[in-house]
Amino acid sequence: MSESNEISRRRALFKLGLLINGVMAAILAVPFVGYLLSPLRGTAGHGYKAWVSLGPFSGFPEGQTRLATFHNPTASPTDGQTANIPCWVRHIAGQNFQVFAINCAHLGCPVRWFAQSGLFMCPCHGGVYYADGSRASGPPPRGLFTYPYKIDGDRLFIYAGELPTLAADAGTVAGGRKPCVG
Amino acid sequence: MRRLEFVGSWLDRRVQLKDFIRATALHRVPRSSASWWYVFGSAALTVFILQVVTGILLALIYVPSAAEAWNSLQTLNHAVVLGWFVRAMHGWGSNFMIALVLVHMVQVFLFGGYKYPREFTWVVGVFLLLMTLGMAFTGQVLRFDQDAYWGVGIGASIMGRVPFIGDWLVHLLLGGPIIAGATLSRFFDLHVFVIPGILIGLVALHLLMVLKLGINEWPMPGRLVRRDTYLKQYEELLQKDGEPFVPGAIWKDLIFAGCVLAAVALCAVIFGPFGPSGQPDPTIIQTVPRPDFFFLWLYALLSLLPPQLETSFLLIAPLVGIAALLLLPFISGEGEKSWRRRPIAVLTVLLLAVALGTFTRLASYAPWSPNMNAWSGAPVPVRYLQGRTPLERQGALVFQAKQCRNCHALGGVGGERGPALDSVAVRMTQDQLIRQVLQGGGNMPAYGNNLSPAQVTALVAFLATLHPVGQAPARDATLTGE
């Protein structure tokens, strides 16, 4: 066997070695990337969201806006206190409610209700909302996010489980249904 | 001694690093570069090493779980011997590292160090800055308190503004649909493995290039950089007016780095560790989230940008800024290096410094944010009530009870969101006051739905008394005939 043949065979084997490793890297990348992208799983359809109870609706007197908290439906044991999510419940009259997300529509800070002035105020960048959640002043580009709600028996339920952001509002959630109709 | 030499030479025959270390230590640098202006990069590296050491120490106690992190920080602060000190060193080290990286960058910019042939050293440096800021943000989240929780919410809300893929970015940032255990875990992953790994790699590359290309010489006004002659001139400079790096130049680096370490330690001892503030419990909404010092300018910017500009600015400005930094050495890779002949460069640095300083200062008292407790804590000054009619006093009561004080100051106490009202009657007539209260406008909510006509009458009667003694209230110019 000539020397040049020997070299070209080694070259070929070297390339084969590169190829095998390249192919294996590509194959292994599929599960690894799939694992990395697993947080996206719930965005198609509504895997993350569920009806959660805010307790008996008698706890929310007519004409008042009160803070309620619920347990995140997708909570895990390592979540600790972060599994408890607050929201503002406005009982307008009868079976007519508005349930607002705590997060300011500007950048997500917790808005506070001031009953006397009838305003929600945000402590971060100065967003202010009226009692019905519509934008009053400041940087928010829209009113407060609201949760869909229903009354089952004597209990008030909301459809929750996702941090409300403008993206959810932009209809990027597959299926086109907005998680927070506002 | 002979035994030590024997061990040394035995080891070097195996690791074979002696020649490399000797060449590195003795490589010639321009005598002009052995300057106190050239010490910031090595000081930043020193503080980075400090951060690695203190970070490893903190990880002995810290528990990266949303359920445990805050408690483990309390343990570090109060129960572990000197835990508070290690936390304080890590926190202050972070501030010093950002400051040093920024100063180093400004120095390199003003001394033209990014020009040929060191363009790529600058590009790597830009990524080092971004990684440093990434460490600061992720580190702030690991201090898992109220500020961290709502800070992540702000990050997610910004991601949520990205068109088309915003929702996916939010979920990837949070590790799920909501800020929770998985969120902290991935910030831990970034802060402890991913970004430090990238940082170590980039620092090695950055240093290697400084060695291979040589440190930038002190820029002389009028000595222009040209691609075809620079390398030869630099080589001549090294031969004519150079000296070995050790000990000629390194002693200043060592002394400055030592002083920086002492300064970090002094701050740590005097001011102690940062936080943690309240527990990361989102149901505790009596909180005023604030970012750490080096992100305060951003906090101010987010409050002051016109709303209609905000999304495009948030998403485009960072990309433009980074692109400008990356392209800088390719746009002006030749020519004048000295800042004495580059007025636009100097003005750019000054403008950025003044802008960032102003925003940071503003963020320290946040005039755009309502003062959430002013209405309940601050009484109406007595002099505004003496000698007033019952209606006017009733108006003062409405003013206080309707929480106007959260945004408007009286007697220097109250929110700064709206104008102080001590002399509002000089500026506005009664009719104008009524309109402003009922309809709002100019960033004030409308109170028409929330005040009865009697309350409005009383409130405006009170506001109309608010003018300095001897200065007449505003009057309607159309009614001069009366």
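**View 1. Strands S6 and S7 of chain A, side by side.** Strand S6 (residues 119-121) of chain A runs antiparallel to strand S7 (residues 128-130) of chain A, the two being joined by three bridges. Here strands pair if DSSP finds at least two bridges between them; strands (E, at least two residues) and helices (H or I, at least four residues) are DSSP runs, numbered from the N terminus. Look for Met121(A), which stands opposite Val128(A) in S7(A). This is a predicted model, in which local features need pLDDT of at least 70 and side-chain atom pairs count only at pLDDT 80 or more, while totals for chains, interfaces and linings use all residues. Residues are numbered from 1 along each chain as its sequence is written, and chains are lettered from A and ligands numbered from 1 in the order in which they are written.

**View 2. The open sheet S5-S6-S7-S8 of chain A.** Four strands make up this open sheet, with antiparallel pairing in the order S5-S6-S7-S8. At the edges stand strand S5 (112-114) and strand S8 (135-137) of chain A; each has a single partner strand, so one side of each is left without a neighbour in the sheet.

**View 3. Strand S11 of chain A and its partners.** Strand S1 (residues 50-56) of chain A pairs with strand S11 (residues 155-160) of chain A in the antiparallel sense, over five bridges. Within this pairing, Ser53(A) stands opposite Phe157(A). Strand S10 (residues 149-152) of chain A also pairs with S11(A) in the antiparallel sense, over four bridges, and Ile151(A) has Leu156(A) as its bridge partner. S10(A) and S11(A) form a hairpin with two residues between them, and Gly153(A) in the turn has a positive phi of about 65 degrees.

**View 4. Around Gly411 of chain B.** Gly411(B) sits in the loop between helix H17 (390-401) and helix H18 (424-427) of chain B.

**View 5. Where chain B meets chain A.** In this view, 53 residues of chain B are in contact with 53 residues of chain A. Helix H7 (146-159), helix H8 (166-174), helix H13 (296-304) and helix H14 (307-331) of chain B each supply at least two residues of the side that touches chain A.

Key
Two residues are in contact if their C-beta atoms, placed from the backbone, lie within 7 Å.
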